[in-house]
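The following exercises ask the student to read a structure step by step. Each task is followed by a worked solution.

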Amino acid sequence: MSAEEDRVRLPQLRLDELLEELQARLDAARGTRDRVHRLLEAVLSVGRELDLEQVLRRITEAAVALVDAEYGALGVLGPDGRKIAQFLPVGFNEERIAAIGPYPSGHGILGELIRHPEPLRLSKISEHPSSYGFPAHHPPMHTFLGVPVRVRDQVFGNLYLTEKRGGAEFDAEDESVLSTLAVAAGVAIDNARLYEEARRRERWQRAGGAITASLLSGSPQSEVIGLIAESAKDIADAELAVVALPMPDTSTLVVELALGEGAEAHRGLVLPAEGSLMGAAFSAATPLTSTDICHDARETAAPKRLAGLGPAVAVPIGTGTGVRGVLLLARASGGAGFTEEGAEQLTGFAGQAAVAMELAERRRDAEQIATLEDHDRIARDLHDLAIQRLFATGMTLQSAARIIEHPSASERVLRAVGDLDETIKIIRSTIFGLRIRERDEGHGLRTRVVQTVEEATLALGFAPGLRMEGLLDTQVPQEIADHVAAVLSEALTNVARHAQAKHANVILRSSGDDVVLTVSDDGVGIPSDGRRSGLRNLSERAEQLGGALELSCPLTGGTTLTWHVPLPAQ
């Protein structure tokens, strides 16, 4: 009986095994179906977004959910393709992120995937040769799965997944699912970037149109320059926007406007053509970029003003010999760099602004010519008609005075003749005033100050820093401008002869009520028994104009000279 029972039980056991295997395969098929559905849902979810930041966030969250990982991140590579420029973690709260510190830049295991953009699956991170541990407060991680994300055959970034839930390891199916998601992610990222670029181009065009309309409607140039800087800063997501214009007859630029982070340190600053990114862009008449302007070798003129800034681009306003200025945009340190496409869009915007400025200037020139022609016509009419008639009337009265016998009447006629002569002189003076041209702007106070500073550079052994603010060429009368130039020359000469300084700064401001000149250095200061004849001359100049000279010695060393005088009421 036992043998017969064994023969009966054997088919039953085989049937149970077959049923169990069938059930396992059904479960696997059901799991595969569910996972495919989840993958499709993830692809659709990622593809719906057009905002690039949201696309990147959706990709990372979908990756974590698909492979059942505890932590995940998307590392976006910078322009050089060697470092992580943007890092989006999932699974960390804000407190944990703050405790860990700065985001990774691409070393260790993350760097391995950057150097070799192929799927990487590890059962234990610490056993890989490139692993060198985690920073303090970082959660423990063992299993790892990473895949590159490509956009048009170029690696955009990498997906990093760690700690599969339940203590399991990532398997080949996880790798396949994640690689499939990465392909879909590349398409979604490309679409989002194209959409973002189209929107940005539209914003540049609208901003250019607004600038053209503002210029052609007669808005002041200073107001239009502010519109250029504000529009560029907003569209390019920059922390700082600076516009510098060339000084007449010199190779220097003066900062007319600065907006954003640390703008106060830039306003009125005078920059040499050599020693700044803006000067280099102006001289080359081509856009120049910097990955870190704070440490750029081209920035030698007052580099402290750039503290905290990183990627930057300097774009000439205009092309060739028609460059009218330079626009500088800078982002915060560690921010995204300016791409070639971004620089190209900015160049187009600056070129459009330059054309608008050219048209507005030509219109102003035409208006000025019309005004001058009108002045010439009035002067010609005064000379040919009014003066001749007055002269003839005077001759007639003078002749009549000879035949008037009454002394009092004769005296009154001769006095009228004298009044006519004075009137003729006044009219001739008016004619001369109508025909005279304005002084060449190249001899304005701004240019004279720049030239004085440049002349002192050789004696000092270094180039002083220079900043000018206010309407110096229009608010400061000629007499006061002459004193300012003389005082500046004497002050810099004193620094060169006596201060033994390594740095000096010149600041000239006009508020409309007064003009203030400040010259500071880091030298040895003014000795108590030293000669003060030069300083006495500077003080007397200020007193003649109702102002004063002030000297101070800061605790940090050196000397600060402040010379200020009031301006006459406009």
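Helices (H or I, at least four residues) and strands (E, at least two) are DSSP runs, numbered from the N terminus. The structure is a predicted model, in which local features need pLDDT of at least 70, side-chain atom pairs count only at pLDDT 80 or more, and totals for chains, interfaces and linings use all residues. Residues are numbered from 1 along each chain as its sequence is written, and side-chain values use heavy atoms, with hydrogens and water left out.

**Exercise 1. Backbone angles in loops**

Task: Determine where Asp-237 is found, and state the value near which its phi lies.

Solution. Step 1: Asp-237 belongs to the loop that runs between helix H6 (221–235) and strand E6 (240–246). Step 2: its phi is near 55°, a positive value in a residue other than glycine. Step 3: for comparison, most residues other than glycine have a negative phi.

**Exercise 2. A salt bridge between two loops**

Task: Describe the position of Asp-68, and identify the residue whose side chain meets that of Asp-68 in a salt bridge.

Solution. Step 1: Asp-68 is located in the loop between helix H2 (52–66) and strand E1 (69–77). Step 2: phi of Asp-68 is also positive, near 60°. Step 3: a salt bridge is a side-chain nitrogen of Lys or Arg within 4 Å of a carboxyl oxygen of Asp or Glu; by this rule, the count comes to eight. Step 4: one of these joins the side chains of Asp-68 and Arg-165, at 3.8 Å from N to O. Step 5: Arg-165 lies in the loop between strand E5 (154–164) and helix H5 (172–216), whereas Asp-68 lies in the loop between H2 and E1, so the pair ties together parts that are 97 residues apart in sequence. Step 6: Asp-68 is partly exposed at 37% relative accessible area, and Arg-165 is partly exposed at 45%.

**Exercise 3. The packing of helix H7**

Task: List the buried residues of helix H7 and the strands against which they pack.

Solution. Step 1: in helix H7 (residues 277–284), the buried residues are Leu-277, Met-278, Gly-279 and Ala-281. Step 2: these buried residues pack, by contact (heavy atoms within 4.5 Å), against E6, strand E7 (252–260), strand E8 (269–272), strand E9 (288–290), strand E10 (309–317) and strand E11 (325–332). Step 3: Ala-285 follows H7 and has a positive phi, near 55°.

Definitions and conventions. Buried means under 20% relative accessible area, exposed over 50%, partly exposed in between (1.4 Å probe, protein chains only).
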